[in-house]
Amino acid sequence: MPNLILSGPPGTGKTTSILALAHELLGPSYREAVLELNASDDRGLDVVRNKIKMFAQKKVTLQPGRHKIVILDEADSMTSGAQQALRRTMEIYSNTTRFALACNTSSKIIEPIQSRCAIVRFSRLSDEEILGRLMIVVAAEKVPYVPEGLEAIIFTADGDMRQAFEQSASYT
């Protein structure tokens, strides 16, 4: 896995995708080999120097060809200084650790980090995609519904699956 930047609107599956990839790659080692941080909460230099660097230094036994993974959600809210420190950490620990940054706007990530990552762009979900997932949940949970209610949820979700689920939960 290369270092990744997953960029796109909220609720389109960026964090879910990287978590699924990490589980698939690391299997039972996931718990000790993944550090997940929300960069909007932990956005400063001290977090990079302390939490991320300490995790990158930590010895973890993994299958050959596998790496520890640092997941930074909302990475576009990190300060410039924190991003510079992250760039350096990415360089130093490239043999043992991969970084996955989820953000709404990749242009807010400094160029030196962008150049070290594969960028995956997510777009808003179609109404059909949202309806399909809602129908799976409705069937699994045996929730009564009317088509007009689903249409209203899909319309107001505006391509954001998280928003669709939050709205549907408020109707039950």
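The legends below describe an overview and several close-up views of a predicted model.

**Figure 1. Overview of the protein chain, with eight helices and five strands.** Read from the N terminus, the order of elements is β-α-α-β-α-β-α-β-α-β-α-α-α. The C-alpha trace spans about 55 × 35 × 25 Å along its principal axes. Of the 172 residues in the chain, 44% are buried. The chain is a predicted model, and the structure holds zero disulfides.

**Figure 2. Strand β3 and its burial.** Strand β3 covers residues 68-73. Six of its six residues are buried, so the strand is largely enclosed by the rest of the structure. In a regular strand, side chains alternate between the two faces of the sheet.

**Figure 3. The strands paired with β3.** Strand β2 (residues 34-38) runs parallel to β3 and is joined to it by five bridges. In this pairing, Asn 38 has Asp 73 of β3 as its bridge partner.

**Figure 4. The β-α-β unit built from β3, α4 and β4.** Helix α4 takes in residues 80-92. Together with β3 and β4 this helix makes a β-α-β unit, which is right-handed.

**Figure 5. Cys 103 and Cys 117.** Which cysteine has the sulfur closest to that of Cys 103? The closest one is in Cys 117, at 9.5 Å, which is too far for a bond. A disulfide would need the two sulfur atoms to lie within 2.5 Å. Seen from Cys 117, the closest cysteine sulfur is that of Cys 103. Cys 103 is buried, with a relative accessible area of 1%. Cys 117 also counts as buried, at 12% relative accessibility. The structure holds zero disulfides.

Figure 6. The patch is formed by Ile 136, Val 137 and Phe 165. Together these residues have about 220 Å² of accessible area. Val 137 lies in helix α6, which covers residues 127-141. Is Val 137 buried, partly exposed or exposed? Its relative accessibility is 32%, so Val 137 counts as partly exposed.

Figure 7. Most residues other than glycine have a negative phi. Lys 142 has a positive phi near 55°. The residue lies in the loop between α6 and α7 (147-157). Lys 142 is exposed, with a relative accessible area of 71%. Asp 158 is not a glycine either, and its phi is positive at about 50°. Asp 158 is found in the loop between α7 and α8 (161-171).

Key: Residues are numbered from 1 along each chain as its sequence is written. This is a predicted model: local features need pLDDT of at least 70, side-chain atom pairs count only at pLDDT 80 or more; totals for chains, interfaces and linings use all residues. Side-chain values use heavy atoms; hydrogens and water are left out. Patches are made of residues with over 30% relative accessible area and no salt bridge: like charges are joined within 9 Å, nonpolar side chains (Val, Leu, Ile, Met, Phe, Trp, Tyr) within 5 Å. Accessible areas come from the Shrake-Rupley method with a 1.4 Å probe; for residues, only the protein chains shown count as cover. A salt bridge is a side-chain nitrogen of Lys or Arg within 4 Å of a carboxyl oxygen of Asp or Glu. Helices (H or I, at least four residues) and strands (E, at least two) are DSSP runs, numbered from the N terminus. Buried means under 20% relative accessible area, exposed over 50%, partly exposed in between (1.4 Å probe, protein chains only). Two strands pair if DSSP finds at least two bridges between them. A crossover is right-handed if, with the strands pointing away from the viewer, the path from the first strand over the helix to the second runs clockwise.
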